[in-house]
Amino acid sequence: MVKSWLDGLNQNQKQAVTFGIGPLLILAGAGSGKTRALTFRAAYLIKAKGVDPGRMLLVTFTNKAASEMKQRLSHLLGDITLPFCGTFHSFCVRLLRQDADKIGLDNHFVIYDEDDSIAAIKKAVKNLDLDIKPYKPQSFKAAISAAKNELVASLEYSSFARGRFQELTAAIYREYDRLLKKFSAQDFDDLLLNAVKLLQNNQETLNKYRLQFEYFLVDEYQDTNKAQYELTRLLTSRWRNLTAVGDFSQSIYSWRGADYRNLLRLKENFPDLTIINLEQNYRSTQNILSAANQVIVKNTLHPILNLWTKSGSGNKLAIYEARDEKDESDFVVQIIKPGKNLNRFAVLYRTNAQSRTVEEAFIKHGIPYLLVGGTRFYSRKEIKDCLAYLRFLSNPKDSIGYERLEKLGQRRLKLFLDWEQTNRQAIKSLTTTQILDRVLKATHYLDRFDIKDEADLMRLENVKELRTVAREFPQLQEFLENVALVEQSDPAPREGRGKLQKNVVTLMTLHASKGLEFDTVFLIGMEEGLFPHSRSLLSRDELEEERRLCYVGITRAKTQVYFTYSLRRLYFGQYSSNSVSRFLADIDTNLLELSHAHS
């Protein structure tokens, strides 16, 4: 039985699966069968080497990935007790439920989700009687989360604090921590921090767990943060049988605390580390892989794998030069519409705001789509808030819109009503853009957003993108009618209905696409300042991450990639003419062909 498993593996996969004892790093490129190698290795150790499943840990990052691992192992091993197979956080919960009292915590703690944590942050601010303007509770939560992932406890944070924001964070962090302890609660980041603290500070507990778990297998190691790295180091310090799977080139979550350098640090902790490269790709054509390699090889801060395939050259990667963002979206529609199997297609973009023109083009042509990991443009909270202001100006009898404005706060509502009263006549001669800009200024609506918060930056981009629509419809009534028609005629399944209607085009950000694959992929908005994003242009580290993001996007495709860029883009309400993305310039012209819209 074991022999038949191994027969289906290539030479390097086989080497990884049958590796003996000691530390092993499997550097696995996109589409190289890394999860297969990891689960086969676990099954091989149990079946061929007689390892007790209770002495093995398999850890990954998402519940979905953990569930897939369990299914694969169950299929390979049959009806036996499986080893622990879960996320870092679920393993830490198990650890702390048994031994949290060893570090002065309640074993019967509750786990706070994001909303609970924000409520506790607000309570901490109130208890301390702090004026935190212009910052938001979410910004302090993000800063505290980053500190916990770096293993910086609340009492240590103040020694690092520089400037008003960090000094406020230090005070709030201490009080927030005190409240969590008082409420017998832990937030998501505490699960990692306290598990590491438990193992560092209690030798008896450390000995118990590092003796128990003889084999530790970790997937997506490039996505680990400092806390997860330290947890791995502590638990493998006895037997040293660590198997880590990762790929430098697919590390795209630094903003969540992930650090690809943890792959490099393994060599420091394990000088006898064996490294096996998985470079044979089973997903894409050689042209797609060659293009991806040419983009990523420009990165110099980490090792690069050279992906190859036996699948043949395949089609060239297509480039479409659009006149503007509408032409770009119409081109995507032209390529997709004749096809019956819509689920073969994915449209990927750098920022959430870019989905609007594609959504509107799909709606206009009756193409069903599924927006992954996001909310449809006109359903986003900040967009609905702005529309509520404009709808009230058009129709003061709209009580539903008025209720929404009330929820934004009485002070903001009074500012708006005072402005409307003073400018009632002038409004009739203003364009939609002018009205929107003046309402946002009068109500200080944009003050709700904190530029230190990544999510708020996206919300600001969405509001700016609404200005793009406003530019297209200068008359307020016409603008509101267009929005209503777009909302009502949306043929897309809601996210919850996506499972019922499989035949849809997938729309998502490049970040959300990792781990997925499609027959045909569109990478739209391939322009400097958009992709790579303008915020990354002054930082070498961030620019290399943008390049990795492009690599991830290209390698989602099995048979065809379309790149699109626009000569002129009405983006965030302003026309811009950006140069073509440097990532396209990295690809040899013999791999590319120009694509033309049908006349």
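The questions and answers below concern a predicted model.

Student: Which strands are the edge strands of the open sheet of 7 strands?
Tutor: The order in this open sheet is β11-β12-β10-β13-β14-β9-β17, with parallel pairing. An edge strand pairs on one side only, and this holds for β11 (369–371) and β17 (592–594).

Student: About what angle does the direction of helix α15 make with that of β14?
Tutor: Helix α15, residues 325–336, packs on the sheet and touches β9, β10, β12, β13 and β14. Of these, β13 and β14 pair with each other in the parallel sense over 5 bridges. The direction of α15 makes an angle with that of β14 of about 155 degrees.

Student: How many residues apart in sequence are the parts that E546 and R350 tie together?
Tutor: The closest N and O atoms of E546 and R350 are 2.8 Å apart, and the two form a salt bridge. Both residues are buried. Because E546 lies in helix α24 (residues 540–554) and R350 in the loop between β10 and α16, the pair ties together parts whose separation in sequence is 196 residues.

Student: In the salt bridge of D327 with R323, is R323 buried or exposed?
Tutor: The closest N and O atoms of this pair are 3.7 Å apart. D327 has a relative accessible area of 8%, which is under the 20% limit, so D327 is buried. For R323 the relative accessibility is 59%, and since the limit here is over 50%, R323 counts as exposed.

Technical notes:
Residues are numbered from 1 along each chain as its sequence is written. This is a predicted model: local features need pLDDT of at least 70, side-chain atom pairs count only at pLDDT 80 or more; totals for chains, interfaces and linings use all residues. Side-chain values use heavy atoms; hydrogens and water are left out. Two strands pair if DSSP finds at least two bridges between them. Helices (H or I, at least four residues) and strands (E, at least two) are DSSP runs, numbered from the N terminus. Contact means heavy atoms within 4.5 Å. Axes are lines fitted to C-alpha atoms, for helices over the stretch in contact, and angles run from 0 to 180 degrees between N-to-C directions. A salt bridge is a side-chain nitrogen of Lys or Arg within 4 Å of a carboxyl oxygen of Asp or Glu. Buried means under 20% relative accessible area, exposed over 50%, partly exposed in between (1.4 Å probe, protein chains only).
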